[in-house]
Amino acid sequence: MTKLERVQLWAEMVELQHRYVSALDNNRLEEWPGFFVEDCHYEIIPKENFDAGLPAPIIYCRNAGMLRDRVLSLRNANIYEEHVYRHATSGMVITSSVAGLVTTESSYVVVITNQAGESSVYQAGKYLDEVIQQDGEWRYRSKRVVYDTLRVSTLLATPI
Amino acid sequence: MSDSTFEPRLVVGTPSNKGSQRSLLFPQPDGAAVPYEVFSSQEVYTREQERIFRGPVWSFLGLEAEIPNVGDFKSTFIGDTPVVVTRTAEGLACWVNRCAHRGAIVCRLKRGNAARHTCVYHQWSFAANGDLQGVPFRGGHKGMVGMPEDFDRQEHNLCKLRVDSYRGLLFATFRDETPPLPDYLGAEMRPWLDRIFHKPIVYLGCTRQYSKSNWKLYFENVKDPYHASLLHLFHTTFNIFRAGMKARSIPDASHGLHSLITVTKQELETDTAAAYSQQNLRSMDKGFALEDSALLNQIREFEEMTTNQIQTIFPQLVVQQIHNTLVARQLLPKGPSSFELVFHFFGYADDTPELRELRVLQANLVGPAGYISMEDTEATELVQRGTVRDGEKHSYIAMARGAPEQTDTVITENLIRRFWVGYQKLMGY
């Protein structure tokens with residue numbers, strides 16, 4: 001891969017991530033499953049388990065149907081305080097690119113604003129992504145969200 | 001530990017301080033009215049640390065499966081006192097994580113393996129069992145005097161606690177006169193712990209939640225089967241059929257502080273997954289249905305097909321079986337108005353890959369983002385915020401109050417009332 005190709009691929013990964021974050025930060029949850037292929041893996045797991053090789057997650061979906069179920073439940077079943085996320089992402093690197101499968105790693109910080117209008121750091125962590133192309137669009141085949149923050153404050157409703 | 005720690009401490013100071021050491025008024029003898037002050041008072045909280053967490057109880061520390069090898073340790077808490085539990089060649093040990101020298105935290109890691117623990121401040125070092133082993137410059141240095149003549153190393157060990165294990169559940173107590181652990185758990189609770197911990201387990205990791213509410217509000221919540229179908233709307237929304245269930249709501253007979261709630265499918269189905277997907281997920285008027293209901297499957301692994309077993313062992317443990325998720329929840333108070341909840345997930349050593357995968361998948365149901373649990377901390381925080389003032393006013397906990405002996409129901413607040421009666425006795429209120 002030439003340097004120019006690498007930078008172009010990097011820009012495409014960043015662009016995908018920014019669209020993903022924009023959907024979550026602006027209450028367009030229904031768009032969220034569409035960033036994944038149907039046969040996908042999505043997981044939010046604390047760093048202490050990830051580092052120890054232990055599997056316990058806080059969210060684990062093994063196909064896009066489970067992502068859509070999560071949205072449906074958040075919209076219609078679960079009770080939680082209204083809130084807004086703002087994701088700040090950085091440090092995106094491509095860790096491999098082989099036969100159409102791109103793997104990336106990047107950092108995130110989520111600031112949450114609650115109903116009282118108070119903003120606080122909700123989570124810091126990293127994304128470990130596997131990205132493939134489908135119908136001319138990059139989509140996540142796997143997204144592992146590994147959070148450094150030890151504890152989830154109150155609850156986690158909106159995905160990261 | 002000496003008896004003196006059990007007695008309520010006299011407040012030494014100004015008359016106004018003494019005046020604040022009043023007793024709380026629980027207006028009803030059966031625990032049906034709880035003064036809101038217990039949820040936010042620093043004075044109550046401090047008394048709880050002395051009379052409960054350092055009192056005649058066994059506090060849950062974690063699972064033996066977290067420290068399987070000699071030298072393995074974990075840092076945790078009893079109440080808000082930092083402690084370390086570790087496995088030595090001679091057996092389990094637990095000590096207060098505070099250097100005998102100047103009071104610094106000795107063990108700064110959450111988990112690890114070590115034969116000895118050294119305080120970084122002045123490098124006093126301790127064996128895994130808490131015995132003081134080394135004091136730098138004890139004998140002086142280059143003609144300078146060291147520790148005094150009467151320094152006796154054995155008088156400066158870490159504060160050691162009684163520690164014991166019941167079927168792989170680790171507990172410790174500050175008090176010599178706390179009954180033996182099996183007696184403390186009691187005849188009503190032990191068979192249900194035996195049921196869950198009937199064969200070797202494997203630790204699957206933990207998730208942690210921090211709630212800005214009093215720890216006892218969580219205890220009320222896990223002793224409250226009445227709220228389950230009203231607060232948690234997941235099953236209702238997706239029309240998941242739940243009728244025809246058999247229930248138990250059983251308190252510990254002696255003090256009422258422990259309790260058991262079970263919900264059991266009555267029909268003998270070997271494949272409830274099929275039952276759920278064929279009958280129960282059919283949408284009704286609103287048209288909500290899960291696309292993939294695999295996380296509601298249940299593979300039979302106990303004789304009685306309980307969908308839920310929620311068992312509280314006062315003051316720091318809730319054992320949970322929901323479908324095939326197995327969790328030991330550890331409840332840690334963090335001041336009067338917050339607590340940490342640690343969900344320790346586990347499976348069995350002989351799990352099939354399919355069963356292990358289902359356990360991990362069903363982590364979606366419980367924990368900080370759980371479909372049927374995320375509302376619990378929302379609710380406890382609403383109570384915390386609602387009760388910040390008017391501490392002398394009280395709640396009204398009366399569901400099924402007229403049938404205190406009835407145990408085959410989930411529409412009851414009996415376990416909460418029994419809890420508060422036991423609490424009052426321990427606290428001397």
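**Exercise 1: the two domains**

The domain assignment of chain B, whose bounds come from an automatic or database assignment, gives domain 1 (59–164) and domain 2 (186–427). This is a predicted model, in which local features need pLDDT of at least 70 and side-chain atom pairs count only at pLDDT 80 or more, while totals for chains, interfaces and linings use all residues. Residues are numbered from 1 along each chain as its sequence is written, and chains are lettered from A and ligands numbered from 1 in the order in which they are written.

Task: describe how domain 1 of chain B touches domain 2 of chain B.

Solution. Begin with the C-alpha centres of the two domains of chain B, which lie 36 Å apart. Next, take the contacts (C-beta atoms, placed from the backbone, within 7 Å): 9 residues of domain 1 of chain B meet 14 residues of domain 2 of chain B. On the domain 1 side, strand β1 (residues 59–63) of chain B gives the most, with 4 residues; strands here are DSSP runs of E, at least two residues, numbered from the N terminus.

**Exercise 2: a strand and its partners**

Task: find which strands pair with β10(B), where pairing requires at least two DSSP bridges.

Solution. First, β1(B) runs antiparallel to β10(B) and is joined to it by 4 bridges, with B:Gly62 opposite B:Leu170. Second, strand β9 (residues 162–166) of chain B pairs with β10(B) in the antiparallel sense over 5 bridges, and B:Val163 stands opposite B:Ala172. Finally, β9(B) and β10(B) form a hairpin with 2 residues between them, where B:Arg167 in the turn has a positive phi of about 50 degrees.

Technical notes: Contact = placed C-beta atoms within 7 Å. Pairing = 2+ DSSP bridges.
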